[in-house]
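Please look over the sequence and the model below before reading on. The paragraphs after it go through strands, core, aromatic rings and charged pairs in turn.

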Amino acid sequence: MPDSSDNTTFWWTTRVYYEDTDASGVVYHANYLRYLERARTEWVRHLGWSQEALRNELDLCFAVSEMTTRFLGPARLDDELAVSVQITERKRASLRFTQAVHLGTPAGRCLIQAQVRAACLTESTFKPRALPALFFGSNA
């Protein structure tokens, strides 16, 4: 299983579909949040877990508790996007991520920057719980 203790950046790519765009032909602003969420989900999968396995095997889920975004430019139909995920802070029961959406590749123009705090919850009660060791890597 990959080590989540370092601050390396995880990248996930996607493409802009017609359903993602608004009447002006650019990605509707709220859809960027979907890209950020999907990238975090793929990051968890990269660690060797699915959201369903976290829920069923560990009784764990995450809920976004705080988010700030800065929109820098538009994405358009058929654009390829590179979405980043990097842990910038670990607390007992939450993770803070720095995320971005870039046009084309990680070196492409940055379209959105985001700071996201996700609370770790017991799925059956929705009460805060300590992060399991898998989110601290070998330095737990």
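What follows is a walk through this predicted model.

Because the model is predicted, local features need pLDDT of at least 70 and side-chain atom pairs count only at pLDDT 80 or more, while totals for chains, interfaces and linings use all residues. Residues are numbered from 1 along each chain as its sequence is written, and side-chain values use heavy atoms, with hydrogens and water left out.

E5 covers residues 110-122. Two strands are said to pair if DSSP finds at least two bridges between them. E5 pairs with E2 in the antiparallel sense over 11 bridges, and Leu60 stands opposite Thr122 of E5. E5 also pairs with E4, again antiparallel, over 9 bridges; here Arg96 stands opposite Arg117. E4 and E5 form a hairpin with 6 residues between them, and Gly104 in the turn has a positive phi of about 80°. The pairing of E5 with strand E6 (residues 127-128) is antiparallel over 2 bridges, with Pro128 as the bridge partner of Leu121. E5 and E6 form a hairpin as well, with 4 residues between them and a positive phi of about 60° at Phe126 in the turn.

How enclosed is E5 by the rest of the structure? Buried means under 20% relative accessible area, exposed means over 50%, and partly exposed lies in between (1.4 Å probe, protein chains only). By that rule 11 of the 13 residues of E5 are buried, so the strand is largely enclosed.

In soluble globular proteins, nonpolar side chains tend to be buried together. A nonpolar core is a set of buried Ala, Val, Leu, Ile, Met, Phe, Trp, Tyr and Cys residues joined through side-chain atoms within 4.5 Å. The largest such core has 32 residues, of which Tyr32, Trp43, Phe97, Val101 and Phe135 touch the most other members. Elements giving two or more residues to this core include helix H1 (29-46), helix H2 (51-58), strand E3 (80-91) and strand E4 (94-103).

Tyr32 is buried, at a relative accessible area of 3%. Leaving aside neighbours within four places in sequence, Tyr32 is in contact (heavy atoms within 4.5 Å) with several residues, among them Val27, Phe71, Val101 and Leu111.

Aromatic rings come next. Rings of Phe, Tyr and Trp (its six-membered ring) pair if their centres lie within 6.5 Å; planes under 30 degrees apart count as stacked, over 60 as edge-to-face and the rest as tilted. The count comes to 5 aromatic pairs. Tyr32 and Phe71 form an edge-to-face pair, 5.8 Å centre to centre with 65° between the planes. This pair links distant parts of the chain, with Tyr32 in helix H1 and Phe71 in strand E2, 39 residues apart. Phe71 is partly exposed at 41% relative accessibility. Phe62 and Phe135 are also edge-to-face, at 5.3 Å and 85°. Phe62 lies in strand E2 and Phe135 in the segment after E6, so the pair ties together parts 73 residues apart in sequence. Phe62 is partly exposed at 25%, whereas Phe135 is buried at 0%. Trp43, Phe62, Phe97 and Phe135 form one aromatic cluster.

The charged residues remain. Side chains of opposite charge can pair when their charged atoms come close. A salt bridge is a side-chain nitrogen of Lys or Arg within 4 Å of a carboxyl oxygen of Asp or Glu, and the whole structure has 7 of them. Arg96 forms one with Glu66, the closest N and O atoms being 3.6 Å apart. Arg96 lies in strand E4 and Glu66 in strand E2, so the pair ties together parts 30 residues apart in sequence. Arg96 is buried at 17%, while Glu66 is partly exposed at 37%.

Arg117 and Glu89 meet in another salt bridge, at 2.5 Å from N to O. Arg117 lies in E5 and Glu89 in E3, so parts 28 residues apart in sequence are tied together. Glu66, Glu89, Arg96 and Arg117 are linked in a network of salt bridges.
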